Amino acid sequence: MDPRRVPLAVPKVRRVGFFTSIEPTPEPQRPNRSQSGPVEAATSSSPLSDSPSGNFISPVQIPPSRHHSDNLTSRAAPVPVPGPAAFRRHLAHDRSLHVGSYNPADSLLGTSPPSSNGELSEDSGSLFGFQRSDSAKLSSSFPNGGFDLTMAVRAPQEFESKIATVPASEGRKKTAEVSGKSESAVTTKAQKEKEQKSLKEKTTKAERRAIQEAQRAAKAAAKGEGSRRVDDSGRAKPGKATKQPQVKKEGLPVTSSVSEKKTVVVEKEKRMDVPQTQMQYDDKSRVEKAKKRAVVEQTESKNKVELFLHLPQYERGNQLPNLSSNIFTLDTIHHAVYKVGLQHLAGDISGDNARCIAMLQAFQEAIKDYTTPPMKDLTMDLTAKINGYVSFLIECRPLSMSMGNAIRFLKNQIRKLPVELSVSEAKASLCSDIGRFIEEKIVTADKVIVKHAVTKIRDGEVVLTYGFSCVVEMILLYAHEIGRKFRVVIVDSRPNLEGQRLLRRLVSRGLDCTYTHINAISYIMRDATRVFLGASSIFSNGTLYSRVGTACVAMVANAFSVPVIVCCEAYKFHERVLLDSICSNELGDPDAIANIPSRANMKRSKTMENNKNLQFLNLMYDSTPSEYISMIVTDYGMIPPTSIPVIVREYRREHLLL
Amino acid sequence: MPDVQSTVLEFVNKLRKRKIEGSQATARCTVELLRSVISQHRVPHANQASALIDAVKAVGEQLVAANPVELAVGNVVRRVLHIIREEDLSLTTAAMGGLDLLDASDDDEDVCNKGIGYPAMSAAVVAAAARSTLRPPSLQTLLEGTPESATVPYTSSSGADSESKTADKSSITRKLKHDVIESVNQLIHEIAGCHEQIAEQAIEHIHQNEVILTLGSSRTVLEFLCAAKEKKRSFRVFVAEGAPRYQGHLLAKELVARGLQTTVITDSAVFAMISRVNMVIIGAHAVMANGGVIGPVGVNMAALAAKKHAVPFVVLAGCHKLCPLYPHNPEVLLNELRSPSELLDFGEFSDCLDFGAGSGSPLLQVVNPTFDYVPPNLVSLFITDTGGHNPSYMYRLIADYYSADDLVM
């Protein structure tokens, strides 16, 4: 076996290596690695066969290793030489196997639900195609159980594929058949047929097989669901899907299916990690599509600001009574989520942490009340449900970046649910996961931040803050508690006047406060010795995305050489980049600006509203360039803004493995 | 005189209570008041000019004290003083240049009495020196290094017989007063017409599809923008609302009424929007001699943001806003704090307010400044009624309008 394999393997691997950049090609490689892993473990096959593959593959596999294995060795050697690679394989082989088998399902779940994002889902559809096919292979090879067997199976398969440069789909089928035959015995006819019919099913099947052969009933349900999904997605790009097999076949002989899968998964995950492109509201067709799904009826505001056509500009307030009346009649949205949505819409909850926690708790409740409908897979159905909730929440108010991160976390958790869990167990685990997220990423993180930041407040300090940030409030209160003598300057701005809330809380606790509005920032900045700011999100280029006006404060502080300290939990970090405040923002209610609290002018706004020349722009956020930020206090410590991308990367890894 | 006194008091009261808003309105009222002061002032025969100056100064001091942050008052008073001095001087020189020795002698006497009280001999020197400031020294005098004391013998001879004639004094007095009032009228006219003068230049600065950010409410800015609009330029205007006084809303209303595309933004969105703005145009409250600007509160923030994004920051200022003082002068009051009630509703916060009562110091302070100072390095251009100027040129421009003797009143 070995002598035969080696000559075959070398050229093939090389080819694979070149192909890596293209999406389909990684697959062929996959098998190699994971298989070799098992092989090594089980049969301790010849180093010859192994090492070359490892060698050649290593350049390709750098990304997967980074993402999947959390052992540091993999990171330590950026270009894994054969040695480390092998080592890693040994270390992580069982995990990698798991990952390989789990992840396809994840990705399937993640992408398949009707997402609001057309393009992405299409892409993922095509991805599915590949994945499905290789998973099919997997399943075909695996069913017979033991790794030794797979090895045996693999050889013929390779052989077959080598010989037969058959037209794509047919060839694939053949391989499957061949493999099945060679394995003989255990694989059932029905399974084979299924494979041939829809390769999609296999993903789910393979996954299960790899883990355990339990939960038949759930499996069946999943299959049904999965196949349907897969078909849909498969249809999206038939051309690619059919092409795919060929490439795979060529690569296949050398590589083992598990590792192949792994690369695909990694690719996919990478892709999923790439932040989804936001809905652009000047894209008519997609807005129309989104409207059809919408629960909340929104009337577009008449007087749009041209510069912000890409953002949703809807009239506020008029739909609220309507919505609140049918809170109990609506069955597609869980009432807890519905309530949170309405609170977002009405602005009852504001502040990123509060919104995020409210959303997560609502999801928790919704998950508690969730029952898997018959003939459906829990993971898929639940993800679809969550997606529905999320799109409802988006209709109510665009999600903040941190909420997006939290949702990603939740979906990840759902995806990773072990299949053997019963529904109630799965629900319990999800609920506890959510609870843990809130506890760890928000509550504890805040405590850590407070601890760090309070060291920056010394006696006699004048701390300036803007708007209302709950972390900053905690910091100030804590500093006051431990007896620091300092003064607080609260800068506020229209129309939300959140600073008054902070002012009230601080003054009632006995802090010495000065209150002013943002225009006076240049006047008051002379007094300040520190500026503490909250954040809605921090992007990986160091841009701080926060309540509108933050940039002004930071800029003026910079001009007066006052250090700007941003307090932000790490779960709010986002890998997107942002340069200005225009491309990505949220528009508030323009009427909030039109109505000014002054006495005599109340009438005139009525007459002015009809004039199309006059617009009111209520921006909610702005982005502060990183050069204005002296330091970011986060749960990982105090870091400069340039370290954000590092944290984002590390954090995401942890996030995935959490 | 008593009626003048009463109008002065009335005006002082208005200023004190901040009843008059806007530097232009204040400037106009001030000039008109000063004109009536001048016209009703009975000048003595001896030294009309100095008497007038004293009278104007006395009134001016009251006015400035009434509202020290309204620098336009001081500016106008200084302008009027400068006018008196100039008229006086021009009369002097005219007389001296003229053949009428008697008139000339009278003037010399005036000058000497008013000025330093030197004997008639040196009075001529003073006059000559004064003239030399009006007229640049000729190249020849510069070369030869001889001061214009060449006139000294001539004037000394006239000074010799100056005491003899007093007959024409009344006519001269009338002439001075008349001239001064004439010039003050011109000043009034100038102040009233500064908007148009500035607006005329709009077309040179605003191009098609421009996006302009402005802040606060200024009639100059309004006229400026509308002038460009009338010339068929189409552009859009972002107006920062200018909390807590919301003057931006007023400006927006006016702009919309004139058919301009206007978007009102919050003050906090200035930084967010500045990257899409081509030009920031603001009306100044006052322009200092170093080219610094005092403008509505928040303007420094806008200027910094504009600097950061390399957006031209243009300041419109009528001549009455040019202040000969430097912002570091101790007597310059740059800012004024307005009522906190504009920011906080004390009814809502009354429960928090008495917390500090025990310790003696209030826990809650509210700061509500009215103005903002923009240092000259943030300003790209000044547009005054005499044209566009660099901030670094302002001191020279201002020197044309005021005489150095009046800077400190």
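Tutor: With buried area, which is the accessible area (1.4 Å probe) that two parts lose on being put together, summed over both. Between chain A and chain B about 4600 Å² is buried, and carbon and sulfur atoms give 63% of this area. This is a predicted model, where local features need pLDDT of at least 70, side-chain atom pairs count only at pLDDT 80 or more, and totals for chains, interfaces and linings use all residues. Residues are numbered from 1 along each chain as its sequence is written, chains are lettered from A and ligands numbered from 1 in the order in which they are written, and side-chain values use heavy atoms, with hydrogens and water left out.

Student: How many residues does each chain bring to the contact?

Tutor: Contact means heavy atoms within 4.5 Å. Chain A contributes 59 residues and chain B 52 residues.

Student: How many salt bridges are there between chain A and chain B?

Tutor: A salt bridge needs a side-chain nitrogen of Lys or Arg within 4 Å of a carboxyl oxygen of Asp or Glu. The count is three. One of them joins Arg494(A) to Glu241(B), with 2.8 Å between the closest N and O atoms.

Student: And how do I read a sheet?

Tutor: Strands of a sheet pair through backbone hydrogen bonds, either parallel or antiparallel. Strands (E) are DSSP runs of at least two residues, numbered from the N terminus, and two of them pair if DSSP finds at least two bridges between them. In chain B, three strands form an open antiparallel sheet in the order E5-E6-E9.

Student: Which are the edge strands?

Tutor: E5 (286–287) and E9 (371–374) of chain B, each pairing on one side only. Val287(B) stands opposite Val293(B) in E6(B).

Notes
Helices (H or I, at least four residues) and strands (E, at least two) are DSSP runs, numbered from the N terminus.
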